[in-house]
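Biologist: Could you walk me through reading a metal site and a helix from coordinates alone? I'd like the general idea, then the case at hand.

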Amino acid sequence: AKADGRNAVCAYTAGMSQLASRSFRIESRLQRALQEGALRLVYQPQVDVSNERIVGAEALLRWTDDGQAVPPAEFIPVAEETDLILQIGEWVLREACRQAAGWQCSGHAPLSVAVNLSARQFRDPNLVELIGSILRESGLPPECLELEITESTLMSRLDDTCQRLQALSAMGVRMAVDDFGTGYSSLSYLKRFPVSRLKVDQSFMRDLCTDAEDAAIVDAVVALARALGLDALAEGVETAEQLEALRDTGCRYCQGYYFSRPLPAEAFARLVAVDDGE
Ligand code: C2E
Ligand code: CA
Ligand code: CA
Ligand code: CA
């Protein structure tokens with residue numbers, strides 16, 4: 001019977017697609033990383049285009065597995081297939097709010113922290129309550145927390161999406177639409193949902209200075225944001241030329257390697273202190 005069992009296991013393993021077994025491996029290692037405290041956050045500065053001052057940062061998750069950095073694009077989708085994303089997401093929110101509360105004492109104007117929310121987290125009925133308690137426990141003013149949600153998350157469950165966004169915005173938390181321009185062609189949700197920022201997807205930035213079509217799209221998104229009373233933030237700004245082009249469109253905020261790569265929390269706090277000294 002023992003041998004049979006092993007054969008069954010072998011057959012099962014062999015039958016799984018390579019992808020599925022890879023997912024499974026990532027998932028169990030990730031679960032352990034979460035328990036052992038092996039996840040950390042890095043912070044990429046968000047900058048006011050007009051004076052190049054730091055106004056906040058986006059929190060980005062990092063996982064080093066056996067000395068090897070695993071890109072979030074690889075492990076987040078795996079975590080999203082299970083409830084593991086809820087545990088990870090809760091850790092991210094708690095850690096980001098705790099660290100951002102620490103920045104506020106530095107005498108700098110209030111700094112916001114932007115946290116990415118996955119679709120599954122956004123659908124979690126406990127989300128609003130959870131965020132309320134994390135804010136209270138961290139002491140971070142709700143206005144300093146921004147939640148980044150993609151268009152597809154916003155569109156996935158229309159009925160309670162609006163309610164949930166309203167509850168969060170009533171709390172004082174701000175919402176940003178991430179990767180704007182890559183998802184749905186419908187824009188009507190912008191009218192109905194209390195979002196405050198559009199993050200222009202970085203794919204439009206790459207050829208901004210050479211491709212008239214990309215430039216036209218960025219122009220149009222910035223104009224749309226302005227007309228709706230929203231902020232526009234351009235992602236993936238890597239060069240001075242791109243920054244200059246953005247300035248011409250009137251885009252208010254940006255983020256990208258031109259200013260800084262994502263930094264460990266202490267390095268971000270030091271950068272803010274230098275920024276203050278100027
Ligand atoms: P995203 O939210 O669109 O994050 C921006 C990504 O662009 C980050 O990649 C960032 O490191 C990268 N980036 C920033 N500036 C530049 C630039 O100038 N040029 C280029 N080429 N890239 C730039 P990262 O950290 O690898 O994250 C990838 C994605 O993983 C994120 O895309 C987000 O969707 C997801 N992610 C990261 N952290 C979390 C998290 O805590 N929770 C959830 N749910 N998703 C996360
Ligand atoms: Ca994001
Ligand atoms: Ca993005
Ligand atoms: Ca083109």
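Modeller: Let's start with Glu58, which counts as buried because its relative accessibility is 4%. Buried means under 20% relative accessible area, exposed over 50%, partly exposed in between, with a 1.4 Å probe and protein chains only. Glu148, at 1%, is buried too. This is a predicted model: local features need pLDDT of at least 70, side-chain atom pairs count only at pLDDT 80 or more, and totals for chains, interfaces and linings use all residues. Residues are numbered from 1 along each chain as written, chains are lettered from A and ligands numbered from 1 in written order, and side-chain values use heavy atoms, without hydrogens and water.

Biologist: Which residues coordinate the calcium ion (ligand 2)?

Modeller: Donors are N, O and S atoms within 2.8 Å of the metal (3.2 Å for Na, K and Ca); water is not among the atoms, so sites may look incomplete. Here they are Glu58 (OE), Asn116 (OD1), Glu148 (OE) and Asp178 (OD), at 2.1 to 2.3 Å. Asp178 also coordinates the calcium ion (ligand 3), 3.9 Å from ligand 2. Glu58 in strand 2 (residues 54-65) and Glu148 in strand 5 (residues 145-150) are 90 residues apart, so distant parts of the chain are linked; strands (E, at least two residues) and helices (H or I, at least four) are DSSP runs, numbered from the N terminus.

Biologist: Which residues of helix 11 are buried?

Modeller: In helix 11 (residues 240-249), they are Gln242, Leu243, Leu246 and Thr249. They sit on the same side of helix 11 because they cover an arc of only 115° around the axis, taken from the directions from the helix axis to the C-beta atoms.
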